Amino acid sequence: MNLFNVYPLQDIQPMKASGCYVYDDKGERYLDFYGGHAVISIGHSHPHYISRISAQLENIGFYSNAVKNPLQKELAAKLGKASGYEDYQLFLCNSGAEANENALKLASFHTGRKKIISFKHAFHGRTSLAVSATDNPKVSAPVNLTDNIIFHHFGDIEGVQQSLASQEVAAIIIEGIQGVAGIHVACTTFLQELAKMCRATGTLLILDEVQSGYGRTGGFFAHQAAGITPDIITIAKGMGNGFPIGGVLIHPDIAPWFGMLGTTFGGNHLACAAGLAVLEVIEQENLIAHAAAMGKLITEALSDIDDITTIKGRGLMLGLAFDFPIKDLRNHLLYEGRIFTGNAADPKVLRLLPPLNIGSEEVQVFVQQLTASLNQVKESSQ
């Protein structure tokens, strides 16, 4: 049996990883400035992470959600304290797409409405509701639910207000920072106005923090910089540092009933152990403040590079915009510079999503190699 050909694969086979570095089958070392799509939060193969999961596996790795699992309550308590949402409820699942799927379903159940407002260039996942709220025809199936999805541009307050006037909108879903699109940051006023309009119309505000959460932007969640309180928050990626886990944080006024949501693997013992290890390391190593400091260091170090037209983002969720497509630059960084970086839907944006424990020495290596790769790519194109 062959694998279904889904991704254009880079000709690299990682065999092990440690801290901010990945090693391939030939023994070559790569600096990880992408974190496997923002998944690696506390660094590869962190000793506490390995210990937590190994110890849990020696006891029990999985049983169904039909029985009590005290690790789930422990994870909910730690997450509430770390994020500032101690009074919220937590539904555990397996991925960001599943988290958004359940968030949208929950909003419809709670309001009795069926329309959703999303935003141009959004990416919320590949499952039915999540992909319908994703503005990307490459991943949207011909059979979807787009008749009930209303897309607006970032900052279009008047358009959103007109759509909400119908009283048919269950929820507005928006990313803390649009990641796949190329690092688009919504302005504070826009987010505050969305929250205000949602309260006035009985519409739920869903913040997709799948990529932008867990300390990546220098706060636990990106939306907290705007001082708003969403009704629902979705999380995944950095939550498990590579172990599949996702979650939905739900306002206490949203009441569940049995059977409303469900999952087979979500919140299993191993996933909870991984999630607990991540929160413990984030706290012990002060990684949220560290991410803010490293983001500032990167931004300042890159400010003198003329080829970068804009540096977008916050903390360790950054997009470097150029006036030319970055494909050759990214390949040179990978194959010649031995540095992982990311692309985006915008072909002129290079995404940086390194582990939160990236250090100043690694930042210096990246800046030096980016400069060298830029010079080499420009010479090759002449």
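A: Searching the whole structure gives two cavities of 30 Å³ or more, where a cavity is a set of points, on a 1 Å grid over the protein atoms alone, at which a 1.4 Å probe fits but cannot get out; grid points are joined across faces, edges and corners, and the volume is the space filled by probe spheres set on the points. The model is predicted, and while local features need pLDDT of at least 70 and side-chain atom pairs count only at pLDDT 80 or more, totals for chains, interfaces and linings use all residues. Residues are numbered from 1 along each chain as its sequence is written, and side-chain values use heavy atoms, with hydrogens and water left out.

The largest cavity holds about 60 Å³ of space, and its lining, meaning residues with an atom within 4 Å of a point, includes Ala-38, Ser-41, Glu-209, Tyr-214, Arg-216, Lys-237 and Leu-356. By class, this lining of the largest cavity comprises five nonpolar, four polar and three charged residues, with Ala, Val, Leu, Ile, Met, Phe, Trp, Tyr, Cys and Pro counted as nonpolar, Asp, Glu, Lys and Arg as charged, and the others, Gly among them, as polar.

For the second largest cavity the volume is about 50 Å³, and among the residues that line the second largest cavity are Gly-176, Ile-177, Cys-187, Thr-188, Leu-191 and Arg-314. The lining of the second largest cavity divides into eight nonpolar, two polar and one charged residues.

Notes. 1 Å grid on protein atoms, 1.4 Å probe; cavity = no way out; pocket = protein on both sides within 12 Å on 5 of 7 lines; lining within 4 Å.
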